[in-house]
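Here is my note on the model you sent over.

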Amino acid sequence: MSVVEWVASACFLLGCALTLVAAIGILRFPDLLARMHAGTKPQVLGLVLSMTGLGLSIGSSQVAWKLILVIVFQFMTAPVSAHMVGRAGYRTGKVREDLLEVDELTEDLERAKADETPG
Amino acid sequence: MSPVVMWAGGAMLAVAALLIVARIERGPSMLDRAIALDALVASLMGGLAMWSAATGRSDLVNVLVVLALVGFIGSVTLARFVAVEPEDEGRILTPEEVRIHDARLREALERERDRSAAGRDSAAQRAHPEGEQQ
Amino acid sequence: MAERVRLWTRWPMIVWLAATWVLLWGDLTLANVLAGLVLGALVMVLLPMPRVGFDGRPWLPGIVVLVVRFFVDVIMASVQVAKKALAFGQHPRAAVIRVRLRSHSDLLLTITAQLCSLVPGSIIVEAHRLSGTLYVHVFDVDDAGGIDGARAHALEIERRVIYALATDEEIAEAGLPPRRRLLRRRSQEVSA
């Protein structure tokens, strides 16, 4: 095997391992937001690794550009869904407050509501 | 690529997919399922990438592009609906319940219209958009 | 006429769409570039989007620092989250913190929020545009270096974004030293 193939294999294995760790986290973590940290983020590093591996093992610039496009699309879209799901989860009370050390958003929301009611 | 790498990576992805499916089954809320589905798509993309590398089929890269671009729509849509849904989600309402719910909604809308017709100061509302958040 | 002027001011978007088109086809030919430009212009005319006010000044050293540090952050934080996922028997201690950003531009707020949520260990739960406040869910308070550490980290990302993209006035408004002084300080540190 050439050096390039070794590097590509290492990238693939690391990417797969990250996906596996993410799956363990998704199954194990206690509340929605903790699961999101485990679940939506390995897309970032795991995907970059997998795409690097694929680009190295195919080794054509035409494919490499497309793979860069895949990574850019993922970088643009992943935060959107993460934010939407996190926000919806927070607003519908799916965050377990007993697991939070500090919760400054609820403090602020309550203060805003208190400001609103007398006026 | 050597078959050892293929099998090791494939096995890891398969186990990951199984664990994710377990989370999808367990829930408890639709949002948990949505993020688990996202992760399933991510592992699918990893598998596709490895398959493409192993067989040298560069046409699969197009599938990866499409998945990267549309993969987030599902969970965004779900989040959008969940945000307005009441607590007891995941249950299909009976026609009777739907009628009651609709009536209550219409009533609320009418009340809202009356209130804005009564000339409530809309500028004050705009100054405190936090009020909408609950 | 007004239509054409507006289209002209949107050339970055059209160039981006054309670049995407060329990358998807995979080969750089004149026909591809022209088709991409025409399609990009068509998309901008047929599907108009509200204009995002961007009057910043991209600064290459800032952008390089932003991108490099972003990847370092992603790798370090991925390792931390992976460790926590494998540490059976204990759960992470999470927190929701308020981060008041220093800049007031929509675009800078968006990019900061985007980068914060791409780095593992933090999710933007809520963003308040008027006061420029982000509410960040921190995955594990201890890994992030305490609540103040997590807040400082988000502000640090914002600082890099500001240096990469903002105008000099925006930098001054945010209360940060100007770029020139930043460079001088760097070179002094290197020579010292």
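**Notes on chains A and C**

1. In chain A, residues 24 or more positions apart make up 64% of the contacts with a separation of 6 or more. Keep in mind throughout that this is a predicted model.

2. Chain A holds five helices and one strand. Read from the N terminus, the order is α-α-α-α-β-α. The strand, β1, spans 100–103. The helix α5 covers 104–116.

3. How much of chain A is buried? Of its 119 residues, 62% count as buried. The accessible surface of chain A comes to about 4,600 Å². Carbon and sulfur atoms account for 63% of that surface.

4. Now the interface with chain C. On the chain A side, 40 residues are in contact, and they meet 47 residues of chain C. The area buried between the two chains is about 3,800 Å². Carbon and sulfur atoms give 69% of that buried area.

5. Which elements of chain A supply this side? At least two residues each come from α1 (3–28), α2 (32–40), α3 (42–58), α4 (61–91), β1 (100–103) and α5 (104–116). The most comes from α4(A), with 16 residues.

6. What about polar links between chain A and chain C? The rule finds five residue pairs in polar contact across this interface, counting pairs with both residues at pLDDT 80 or more. The count of salt bridges between chain A and chain C is zero.

7. The side chains of H37(A) and H137(C) are joined at 2.9 Å. H37(A) sits in helix α2 of chain A. Is H37(A) buried or exposed? H37(A) has a relative accessible area of 0%, so it counts as buried; the cut-off for buried is under 20%.

8. Chain C also has a nonpolar patch on its surface. L39(C), L42(C), V43(C), V45(C), L46(C) and L47(C) form it. Together these residues have about 520 Å² of accessible area.

9. Take L46(C) as one member of that patch. L46(C) lies in helix α3 of chain C, which covers residues 30–46. Its relative accessible area is 62%, so L46(C) is exposed. The cut-off for exposed is over 50%.

Terms used: Residues numbered from 1 in each chain as written. Chains lettered and ligands numbered in written order. Predicted model: local features only at pLDDT ≥ 70, side-chain atom pairs only at ≥ 80, totals over all residues. Heavy atoms only, no water. Patch = residues over 30% accessible without salt bridge, like charges linked within 9 Å, V, L, I, M, F, W, Y side chains within 5 Å. Areas by Shrake-Rupley, 256 points an atom, 1.4 Å probe, with all protein chains shown as cover. Salt bridge = Lys/Arg side-chain N within 4 Å of Asp/Glu carboxyl O. Helix = DSSP H or I, 4+ residues; strand = E, 2+ residues; numbered from the N terminus. Buried < 20%, exposed > 50% of the residue type's maximum accessible area, 1.4 Å probe, protein only. Contact = heavy atoms within 4.5 Å. Buried area = accessible area lost by both parts, 1.4 Å probe. Polar contact = N/O pair within 3.5 Å; in protein donor to acceptor, adjacent residues only side chain to side chain.
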